[in-house]
Amino acid sequence: MRRDHVARTLRDDAERAGYLTPAYGDYCVVGAPGTCLSVLDAAPAGIPTLPADTYRDVDHAEVTTVLFVLIDGFGYDGWCRVVDDGRRRTDLLERFERHGTVTPLTAAFPSETAAALPSLHGGRYPVEHGLLGWWQHVAGVGRVQTLPYLTETGDPVRAVAPEAPPAPKALYGVESLYGRMPSDLRTVLFRPAAFDDPEPGGYAAGADTYVGYRSVDDLAGAVRTELEREGRQYLFAYLPQIDALSHEVGPRADPTTSRLESILTSLHRELRRVDPARAGETVVVVTADHGHLDTDSHVDLSGNDVVRSALAETADGTRIPPVGSPRQLQFHLRDGRVADVRRVLERRVDCLTFTRSEYGTRGLFGPAEPTPAFERSAPDLVCVPRTESVWFGGDDPDEVGMHGGLSPAEMLVPFAVANLRALQ
């Protein structure tokens, strides 16, 4: 069953048309790992979970294994679009709708992989882990690309500033879920082989096994091998391909949809080959970290003297440039200058703006107490455009699809749950 009425309710409850804030504590993807682990009676204490209606067909007593498939950038509207297009090969998704439950969830804010992965591997909100977007200011280093941990010029931070704290301490403050798992639950993370850290630290640390794959066919075969092992398991497979193509050519473009079909076909082929007895003990979950929006214009603020003069300075007098991303631009500002910059933004851009007190009161980054990691990165002002991209300096972004903001296209993601035997 596909529960489109939940998406309608989330949209109808939105505070302002065209914007959808996270449904923390309810239908938000941050609760997905906790829900999957609760099915295995293995959820660490205190992590968020989803409402029980999102996995109502799951028989806890029969489940020994959960396969969690994260398709980066695969929004709920993308799911609906491809399934409803009779020309597309989406048998796996159609089986989820016939034999399982497909519920729309909101992303966390910002709707970016850099913020989502620490939440999905750590079971914590952005206000706890402190990773607030693709670009972040790190004292003593400058503007840092958070995934991976690189300077603005593309150099590894540790090579340029070896005295800087290691990335886990400098950027986030969350313990991985995997170090808190019961000893009898085996954990496996599947990641592209191009990720050159075979045993990740920080929020992805502590899994029993890390599997690097070079193609989706490799991944599908490796998943099947692990699924057929006896015993209790939590398998987490990360696929970045749809996000990359959506940036390059757009989420609705034929190459993106064709790639999605290929991924689904490869996965389904191997899932069908899993031993029926093991399949009967396995729950498969497909979800995403965010969706994509086709932005319609770009605003460059680098020539604005009010904004430039209002930027805070580091100890050596260097201005701190805006960080975050073009869909959620974050400003660190001099004392008393927030109102000046807000006026400029609301005059130049169709956007929402949030001061530090406003986003704190609304719980925009999560319903928890801010940690020191968050406080180190917390901006004085956040700008969230409705449909534009906004940046400070450099060329116009050459990406077609973007994310990070609060549009429903970016914020709604699928959460599909079914027993593997029913998907075969």
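In the predicted model, the buried residues of helix α10 pack against β1, β7 (209-213), α9, β8 (232-239), α11 and β17 (401-402). The helix itself spans residues 241-249, and its buried positions are Gln-241, Ile-242, Asp-243, Leu-245, Ser-246 and His-247. Directly after α10, the backbone adopts a positive phi of about 105° at Gly-250.

The axes of α9 (residues 216-227) and α11 come within 9 Å of each other and cross at roughly 25°. At this angle α9 counts as roughly parallel to α11. The crossing of the two helices is right-handed. On the α9 side, the contact is formed by Val-216, Asp-217, Ala-220, Gly-221, Arg-224 and Leu-227, and on the α11 side by Arg-259, Ile-263, Ser-266, Leu-267, Arg-269, Glu-270 and Leu-271. Classified by residue type, this contact of α9 with α11 comprises six nonpolar, two polar and five charged residues.

Helix α2 contains Cys-36. With a relative accessible area of 3%, Cys-36 is buried, because the threshold for burial is under 20%. Apart from residues up to four places away in sequence, Cys-36 touches Val-66, Phe-68, Tyr-234 and Val-285. The C-alpha atoms of Cys-36 and Leu-219 lie 21 Å apart, and 183 residues separate the two along the chain.

Salt bridges number 28 in the structure. One of them pairs Arg-3 with Asp-53, with 3.1 Å between the closest N and O atoms. This pair links distant parts of the chain, as Arg-3 lies in the segment before α1 (4-12) and Asp-53 in the loop between α2 and β1, 50 residues apart. Arg-3 counts as buried at 5% relative accessibility, whereas Asp-53 is partly exposed, with a relative accessible area of 24%.

A second salt bridge joins Arg-88 to Asp-254, the closest N and O atoms being 3.2 Å apart. Arg-88 is located in the loop between α3 (76-84) and α4 (91-99), and Asp-254 in helix α11 (residues 254-272), so the pair ties together parts that are 166 residues apart in sequence. Arg-88 has a relative accessibility of 18% and therefore counts as buried. Both residues also belong to a network of salt bridges that links Asp-85, Arg-87, Arg-88, Arg-89, Asp-254 and Glu-261.

A further salt bridge is formed by Asp-350 and Arg-386, whose closest N and O atoms are 3.0 Å apart. Distant parts of the chain are again linked, with Asp-350 in the loop between α14 (338-348) and β14 (351-355) and Arg-386 in the loop between β15 (381-385) and β16 (389-391), 36 residues apart. Asp-350 is partly exposed, at a relative accessible area of 37%, and Arg-386 likewise counts as partly exposed, at 23% relative accessibility.

Two loops show backbone features of note. Most residues other than glycine have a negative phi, and most peptide bonds are trans. Asp-41, although not a glycine, has a positive phi of about 55°. This residue is found in the loop between α2 (32-39) and β1 (65-71). Asp-41 is exposed, with a relative accessible area of 66%. In the second case, a cis peptide bond joins Phe-109 and Pro-110, with omega at about 0°. Pro-110 lies in the loop between β2 (101-106) and α5 (113-122).

Key:
Residues are numbered from 1 along each chain as its sequence is written. This is a predicted model: local features need pLDDT of at least 70, side-chain atom pairs count only at pLDDT 80 or more; totals for chains, interfaces and linings use all residues. Side-chain values use heavy atoms; hydrogens and water are left out. Helices (H or I, at least four residues) and strands (E, at least two) are DSSP runs, numbered from the N terminus. Buried means under 20% relative accessible area, exposed over 50%, partly exposed in between (1.4 Å probe, protein chains only). A salt bridge is a side-chain nitrogen of Lys or Arg within 4 Å of a carboxyl oxygen of Asp or Glu. Axes are lines fitted to C-alpha atoms, for helices over the stretch in contact, and angles run from 0 to 180 degrees between N-to-C directions. Angles under 35 degrees count as roughly parallel, over 145 as roughly antiparallel, 65 to 115 as roughly perpendicular and the rest as oblique. A crossing is left-handed if the near helix is turned anticlockwise from the far one by less than a right angle, and right-handed if clockwise. Contact means heavy atoms within 4.5 Å. Ala, Val, Leu, Ile, Met, Phe, Trp, Tyr, Cys and Pro count as nonpolar, Asp, Glu, Lys and Arg as charged, and the others, Gly among them, as polar.
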